[in-house]
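Please load the model in your viewer, with the sequence panel open beside it.

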Amino acid sequence: MTETGTPLPSLADRARSVAAEGTIVGVHFFQQTPVFVLCEEALLFAPPEDKRLVAIHGGAILASAADGSRIVTGGDDGKLIATRRDGTHEVLATDDKKRWVDQVAIGPDGAVAWAAGKVAHVRTGKGEQRDLDLPSTVAGLCFFPKGFRLAIAHYNGATLWFPNAAGAKPDVLEWKGSHLGVTVSPDGKFLVTTMQEQTLHGWRIVDAKHMRMSGYSARVRSLSWTYDGGALATSGSEQLILWPFTGKDGPMGKQPTLLAQSPARCSVVACHPRQPVAAAGFADGSVLLVRLDDGALILAREADGEPVSALGWSAEGQVLAMGTENGSAGVLKL
Amino acid sequence: MNTAPQTEKIPVTVLTGYLGAGKTTLLNRILSEPHGKKYAVIVNEFGEIGIDNELVVNADEEVFEMNNGCICCTVRGDLVRIIDGLMRRKGKFDAIIVETTGLADPAPVAQTFFMDENVGAKTRLDAVVTVADAKWLKDRLKDAPEAKNQIAFADVILLNKTDLVTPGELAEVEARIRAINPYAKLHRTERSKIALDEVLGRNAFDLDRILDIEPEFLTADDGHDHHHDHDHDHGHDHHHHHGGLKHYHDEDMQSISLNTAKPLDPDKFFPWVQDLVATEGKDILRSKGILSFKNDEERFVFQGVHMILDGDHQRKWKDGEARTSRIVFIGRHLPEDKIRKGFESCIA
């Protein structure tokens with residue numbers, strides 16, 4: 001809820017509620033069907049007619065990614081598992097030391113990447129696998145938007161890896177500290193990491209020029225690029241914070257846009273895939289739809305004290321799925 | 001299902017000790033006793049012996065310096081990630097035990113619980129338990145700074161393998177430990193045998209439990225482990241004995257205890273102590289205090305690890321209770337005169 005005098009327009013009572021057992025740690029879509037990733041063992045398929053729990057992991061689910069045709073998850077059982085739309089699933093890889101698979105990413109042409117400990121792995125759609133040893137544990141992993149390249153966050157920076165360039169030494173972007181998450185701008189020009197401190201670090205990839213994005217009240221745990229890639233929406237403060245990434249300098253020397261001022265801390269963000277709108281979830285349970293042009297707000301979920309832990313849009317943006325730490329989920333069709 | 005309230009934090013016990021002192025034996029004892037509790041165990045990747053437990057996580061002991069290189073803000077980044085992951089299985093375990101390698105400094109582990117918001121919100125540091133080898137500790141204190149750190153940092157010390165030394169050697173090594181850390185609870189053990197409530201559920205970092213910070217010089221209890229096969233080769237080294245216990249001065253690690261019956265001025269005390277840990281925090285391993293401020297009916301308590309201080313009002317002073325302020329610092333090469341004068345200047 002925002003601290004304005006008049007109540008916000010609300011769509012909250014139009015949301016279909018879904019009860020899950022345990023914390024919801026992610027949400028993905030198969031077309032219009034939301035699939036909630038639970039903290040332990042299972043995916044919860046939640047089409048309007050019924051819901052279906054599909055058990056896949058023998059323990060905690062630590063990471064997930066999806067491309068519309070499959071949801072790939074990593075678990076503390078050391079397994080990387082792909083689940084299809086019909087709920088069938090296969091084990092793509094098992095860590096030989098049964099280390100946690102806690103980073104996953106889906107890339108072009110059916111490629112999948114994952115990490116366990118200090119090793120990043122990538123497997124192409126054709127089944128060719130490559131591995132890269134990092135100096136410290138992989139804490140973030142993502143594919144570049146174009147080309148077959150990975151960004152890997154770890155202590156003291158990020159590594160840029162072309163898995164097909166055999167023998168070539170990967171580029172390293174250095175900045176002291178613990179980098180916990182990573183994203184690359186949709187135009188491929190900027191790389192941003194979330195850090196242990198309450199700050200983001202960024203590099204302009206062409207010249208490794210540094211950008212510090214700070215001022216948060218907490219560690220930033222959720223990042224989402226706006227539909228046109230012009231801004232990066234972030235959690236970690238008592239409002240939605242958007243950093244401008246237009247022009248050749250990105251956010252350098254610019255101020256972020258602060259929207260959706262709230263009494264609670266923003267815990268998750270998810271930008272609409274087609275329009276200048278972002279969904280922001282807060283620690284008090286509220287979810288706000290934020291129009292990025294003018295900051296207009298619509299309430300999508302009422303505050304109930306259950307921290308929002310997952311948000312996701314269907315590919316076309318007609319459906320918003322919302323999940324909380326306590327396992328109550330909502331599906332809002334727009 | 002987890003029946004504990006949501007707000008209940010998972011206690012975390014840190015097990016330290018030099019190589020071969022008996023950490024893993026203690027860990028296996030904790031896990032195998034019929035206590036009905038489930039533990040998640042975080043072991044180092046070079047663990048010596050297998051651990052028989054459902055939830056075992058291998059840690060890489062990766063430390064890093066927060067705030068771009070501040071040495072006192074060294075944190076175990078792997079613990080941040082592991083605890084994040086473990087909390088996805090909350091309800092499946094009652095407590096967490098972190099076993100460190102023999103060469104590890106306990107400070108980064110402890111600091112992680114104060115420096116990471118998420119870790120601090122979901123778990124609480126219960127105690128640092130150090131297992132020491134009665135036969136070899138004396139040598140390690142000379143040649144291994146890590147061993148000395150582990151003793152200085154401890155809330156509970158198991159002086160283990162007491163069956164392998166003479167009573168004279170035992171008294172000597174105890175005196176060496178007390179010279180470094182007179183405040184830890186010291187237990188003599190064989191094969192790490194100890195009642196589990198002596199090592200678990202200690203609340204050593206809980207401000208509400210900072211009741212007494214008197215040294216334990218002469219109160220080392222030998223618990224249930226008497227020397228059945230008594231070694232009669234007593235040493236006859238009776239020099240410098242006071243009440244049967246020798247007093248040593250450790251050359252680089254000491255504790256400083258300060259007290260006053262006069263009330264302190266909070267407007268002087270807080271700037272002083274904050275400046276002290278900012279400048280000397282690298283060398284101050286642990287600190288604790290019970291304070292009486294002027295015009296304040298409540299006891300103020302604090303505890304600290306290097307530069308990180310945590311303090312709060314604890315409770316009202318009781319009728320007839322002596323309103324004495326006491327502070328203890330354990331650290332390396334501490335400037336005692338400077339600290340003493342600084343403390344005295346805080347008297348209201």
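## A covered helix in chain B

Select H4(B) to begin: this helix is mostly covered, with 10 of its 10 residues buried (a residue is buried if 20 or more other C-beta atoms, placed from the backbone, lie within 10 Å of its own, exposed if 12 or fewer, and partly exposed in between; helices are DSSP runs of H or I of at least four residues, strands are runs of E of at least two, and both are numbered from the N terminus). The buried residues of H4(B) include Pro106(B), Gln111(B), Thr112(B), Phe113(B), Phe114(B) and Met115(B).

Before going further, note that this is a predicted model, in which local features need pLDDT of at least 70 and side-chain atom pairs count only at pLDDT 80 or more, whereas totals for chains, interfaces and linings use all residues. Residues are numbered from 1 along each chain as its sequence is written, and chains are lettered from A and ligands numbered from 1 in the order in which they are written.

Colour 10-246 as domain 1 and 253-344 as domain 2, bounds that come from an automatic or database domain assignment. Which elements give two or more residues to the side of domain 1 of chain B that touches domain 2 of chain B? They are helix H4 (106-115) and helix H7 (145-153) of chain B. By class, this side of domain 1 has 14 nonpolar, three polar and two charged residues, where Ala, Val, Leu, Ile, Met, Phe, Trp, Tyr, Cys and Pro count as nonpolar, Asp, Glu, Lys and Arg as charged, and the others, Gly among them, as polar. In total, 19 residues of domain 1 of chain B are in contact with 21 residues of domain 2 of chain B.

## The parallel sheet of chain B

Next, show the strands of the open sheet that runs S3-S2-S6-S1-S7-S8-S9 in chain B, seven strands with parallel pairing (two strands pair if DSSP finds at least two bridges between them). Strand S3 (55-59) and S9 of chain B stand at the edges, each with a single partner strand, so one side of each has no neighbour in the sheet. From one strand to the next the twist averages 20°.

Strand S2 (residues 39-44) and strand S6 (residues 95-99) of chain B pair in the parallel sense over four bridges, and Ala40(B) stands opposite Ile96(B) in S6(B).

Now centre on strand S8 (residues 156-160) of chain B, where five of its five residues are buried. Val156(B), Leu158(B) and Asn160(B) point one way, while Ile157(B) and Leu159(B) point the other way. S8(B) pairs in the parallel sense with strand S7 (residues 123-133) of chain B over five bridges, and with strand S9 (residues 185-188) of chain B over four bridges. At Val156(B), Val129(B) stands opposite, and the bridge partner in S9(B) is Lys185(B).

## Across to chain A

Select the boundary between the chains, where 23 residues of chain A are in contact with 16 residues of chain B. S5 and strand S15 (171-184) of chain A are the elements that give two or more residues to chain A's side, and the residues of that side divide into eight nonpolar, eight polar and seven charged.

Finally, pick strands S9-S10-S11-S12 of chain A, which form an open sheet of four strands in that order with antiparallel pairing. Its edge strands are strand S9 (103-106) and strand S12 (129-133) of chain A, each pairing on one side only. Strand S10 (residues 112-116) and strand S11 (residues 119-123) of chain A pair in the antiparallel sense over five bridges, and the bridge partner of Val112(A) in S11(A) is Arg123(A).

Terms used: Contact = placed C-beta atoms within 7 Å. Axes fitted to C-alpha atoms, helices over the stretch in contact; angles between N-to-C directions.
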